[in-house]
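Okay, everyone, thanks for coming. Let's have the structure up on the screen, and then I'll talk you through a couple of spots.

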Amino acid sequence: MMKKFIFTLLMVASISILLVACEGSSEGSKNTVDYYSDLADDEPTVKKISEEIDLPIKFTGYSDGQAYQTAVSQSLGKENSPGIFKWWSGYRLKDLATTGQIADLTAEWEDYYTEAGINPELADAFTVDGKVYGAPLSVLYNVVFYNKKVFEEYNLSPPETFDDFLNIAETLKNEGVIPLAVKNDGWASFVWLQFFLGAYDPDLYTELVEGNVSYEDERVVEALSAWQSMIEKGYFGEPVKAVDQTKQFAKGDAAMTYEPPIFIKGLEDDYGMEANEDYGMFVIPSMDGTTKPAIFYEASPLVVSEASSQKEEAKEVLRELETKDAFEIYAKESKAAFVEGVKTGNEISDEINEIANSDDYILKLRYYESTPSAIVNAATENLWEFFYNPSDESLKKALENIQKVADEEEF
Amino acid sequence: MEIAKSKLSMKSKLGKIIPYLYLAPSVILVGIFCIYSDVFSLIVSFAEWDGLNEMKFIGFQNYMNMFQDPNFLLSSLNTLIWVVGTLLIPVAIALLFAIAITHVKTQSFFKTVFYLPNALSQTIAGIILTTILSTYGLPHLLGVMGFDSLANDWLTVPYLNTLIMVVSSGWQGIGLNLILFIVGLNQIPKEPIEAARIEGAQGIKLYRKVVLPLLKPIMLIVLLMSLVNSFKSFDTIWVMTNGGPYRTSETLAVTMYKEAFVNNQLGYGSAIAMFLSVTVLIISWLLLRDTFKGEE
Amino acid sequence: MKSYNDRSRKNISIFLSIFAFLWFLPFLYVVINSVKSRKEYNLGEFWDLPKSFSIVENFVYVNDRIDFMMGFLNSLFYGAIATTLAILFASLAAYAISSLKIKGKMFWFMLIYSGTIFPFQMYIIPIFRMYSNVDLYDTKIGLLVVYTALCIPFCLFVLRNYFYSIPKELVESAKMDGASDFKIYLSIFMRMAKAPIAACFLFQFTWVWNDLLFGLTLSKSAEARPIMSSLSLLNGAAGTNDVPSALLAAIIASIPTLFIFLILNKSFNYGFPTTSK
């Protein structure tokens, strides 16, 4: 037995050594620009773009967010750091920009991106102290998706007013359908904070995230009381895994979800659902009925490493990526678009892009990016606790705890 | 004469050094990776550091914050539950199964079945069990069968989910201990057992008085290994609940990871890591020091 | 223990069979669902028997998304070599600690053993920084060395515990015959330690094979990436997921660890006679 074991071992060892010997150097040519991203799924898309537009990009995808952050943050300031990498907007970008390790792209915006048809207002999300550090990779507008079959079955149509929305939820609940599905990701509670603040008063939201209004302000409490009463009435499903949320929605166990357009990809790929046929979308109407409804968006930038030996080439590559042609390819794969006129090939997603670019809605950067991280962390945990145990006291306590952290932050 | 003498002392000096060369490869490798990292973390634990900007040294502030942090206290408590749970399932039940298996003829069949989950990684096992235990898994099946009150996602119920995860990780981790116990039981010499039996020892008494003491060396390995791993419990929780809902199922390792890599407070995370390591080190030393008595 | 009568033996068998069934249930789920097609799995219930047999399609999907074979072979390399080296180094150290003349045996033991107590997650940043400075990041040799180092403490722990129990008389008589320290290590200690070595190999190979943390952090290209990190790339963004394909990949990826267990299973019977004080 032992001999057999040793034999197997030797076999395995010799095969492995052979393999190492065969390992060639995989370094590309000098002009290749490294493109790191934590969206490992983007690999085929980026490849397609670099082939069609003929760009020397070498894509490296990370499947784990924390491993990705370690790899990027610890390589910054070094010559071999990646020319281009994906980052987050808002305070996370600010943390990175203050190190001085990422390149200022203000001039690039003026000379190229805007020329190519990228909305210059988007630069706001990537601006730190007057300088723009990011080029948009994606902008995702959060809307409410609804299952059309379920709506048809109970003779429902998208709400015109916030009261309509409440009536729809009531009807669905009485029919045994979960009105709104909820996913249980640790961070996912803040979307409801912005959902209700946005419907209550978009300006109040801005004041809050900028630190001018306290979380214990009575208007904030009033806005979130609407959330509380909806939880208490059973309008929300119990929080489930993200994949299960898609399943609840696709099977009609739940009628609505609040998601960005990439949600569509799961509906199409995993369940074969069709736009307008099986699902539709709407923006939540404002509570007072007069204010323009608010659409929250998340924006992911591509940034350039200042110390990288590829810096100049990276900027050149970015000029080609920040074009309608490149975004068209990206939009078709991700089912989400944000540049005016770029089509995804999906009617619902195109509709989202269209209304977001129209004047009928107010656009707001979502809570996660527009609030200092320490407050976001406190808020997500405390809001979950409130969600699981909704009451006047637990809401008060949650807001009190968040404000405690906010008091110590600089905005 | 003189030269010969110094040569001799050279030789004996060399002879004294040679034994240390046996230690060298291990000490060097462990030193470069483990000790270096430990020292690095120790230094970081006295600093405020987000991994991007310069470190700012703040003395014992991280440690002081730690003992006032309700999340830290809760996750310490959860870690204790994990430790106790690990002593119950992967150790006590593994021992029970091992004893039972030595009494049946189809030893290798049972060994293989109980070892099977161990061939999976903790992450994969976690993903499989999450699917089975969450909304569209077993709870859904029970719901269809009419038990509506059970038809919710068990892993999102605070505190209950910790117990479920302890059992899940027991399912996954029982294999190794079981194998070690069976090896130990098969190795026990027959004579003392026969002697005890002649004196009238039977069943449980036989095991308590004779068999278990003879199993002590294997027990030490299993116990220490399980204790160390249970203090560091991470993968299962990270996959199954991510420490949630609202941080109720975090263990020390999860809290450490979250603070260090999600909240980017590497200093605070390192402080928790130091606390965890020192605790495990002390326990290991207490368990091991007996085996070194009279060694020097 | 021979005198146990047939009836209680039968009861024990039934007791074990019930638990064995429970232990196997999750695998039943895995096997049934790994052959389903994506839509069939998503739209149906997990307990439905498969209507289609989509093993080939699922494997093709996996292979399209990740370089499965490369990851598989990489991990085989890491697992076999790192574990073997670790056992070699650890056994030398264990021999020195248990029967050579060195000072501070407990100190040396605890020094090496301490490598297992620190939570590995905190190793990520220091090792990453060190590796990117010496260009070992994303190389096979880099991962191999990390795995070797991290396997040593456990092997040392098991082997010292075992070596310690080898009768001193054996060593003494070999010394009388003029055997060198190294010869004694080879011909007595290593020869007698087959079972614990097999156990170390099994446990540490399994650990290296299943490691995700270091694979994710210290590699970025398919050339160096171990199997578990490759599998993690199957996890889609935004709630999309091909569960049957992932399950199938997980089954195939678990074959080597099971295979090694089956091979080594019998060698445990060689004996593992440790004694305690």
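So, who does Asn177(B) touch, once we skip residues up to four places away in sequence? The list is Pro90(B), Val91(B), Ala94(B), Val222(B), Met225(B) and Ser226(B). Keep in mind that this is a predicted model. Asn177(B) itself sits in helix H7 of chain B, which covers residues 160–187.

Is Asn177(B) buried or exposed? Its relative accessible area is 3%, and the cut-off for buried is under 20%, so Asn177(B) counts as buried.

Now, the UniProt record. An unreviewed entry there annotates transmembrane regions in chain B, among them 80–101, 159–185 and 206–228. What does the model show for those spans? Residues 80–101 of chain B are 100% helix, with end C-alpha atoms 30 Å apart. For residues 206–228 of chain B, the end C-alpha atoms also lie 30 Å apart, and that span is 96% helix with 0% strand.

Okay, on to chain B meeting chain C. Here 98 residues of chain B contact 99 residues of chain C. Together the two chains bury about 9000 Å², and 75% of that is on carbon and sulfur atoms. Which part of chain B gives the largest share of the side touching chain C? That's helix H1, residues 2–44, with 18 residues. Sorting that whole side of chain B by type, you get 65 nonpolar, 21 polar and 12 charged residues.

Methods. Residues are numbered from 1 along each chain as its sequence is written. Chains are lettered from A and ligands numbered from 1 in the order in which they are written. This is a predicted model: local features need pLDDT of at least 70, side-chain atom pairs count only at pLDDT 80 or more; totals for chains, interfaces and linings use all residues. Side-chain values use heavy atoms; hydrogens and water are left out. Helices (H or I, at least four residues) and strands (E, at least two) are DSSP runs, numbered from the N terminus. Buried means under 20% relative accessible area, exposed over 50%, partly exposed in between (1.4 Å probe, protein chains only). Contact means heavy atoms within 4.5 Å. Buried area is the accessible area (1.4 Å probe) that two parts lose on being put together, summed over both. Ala, Val, Leu, Ile, Met, Phe, Trp, Tyr, Cys and Pro count as nonpolar, Asp, Glu, Lys and Arg as charged, and the others, Gly among them, as polar. UniProt positions are given in the numbering used here, feature names are shortened, and annotations may be inferred rather than shown by experiment.
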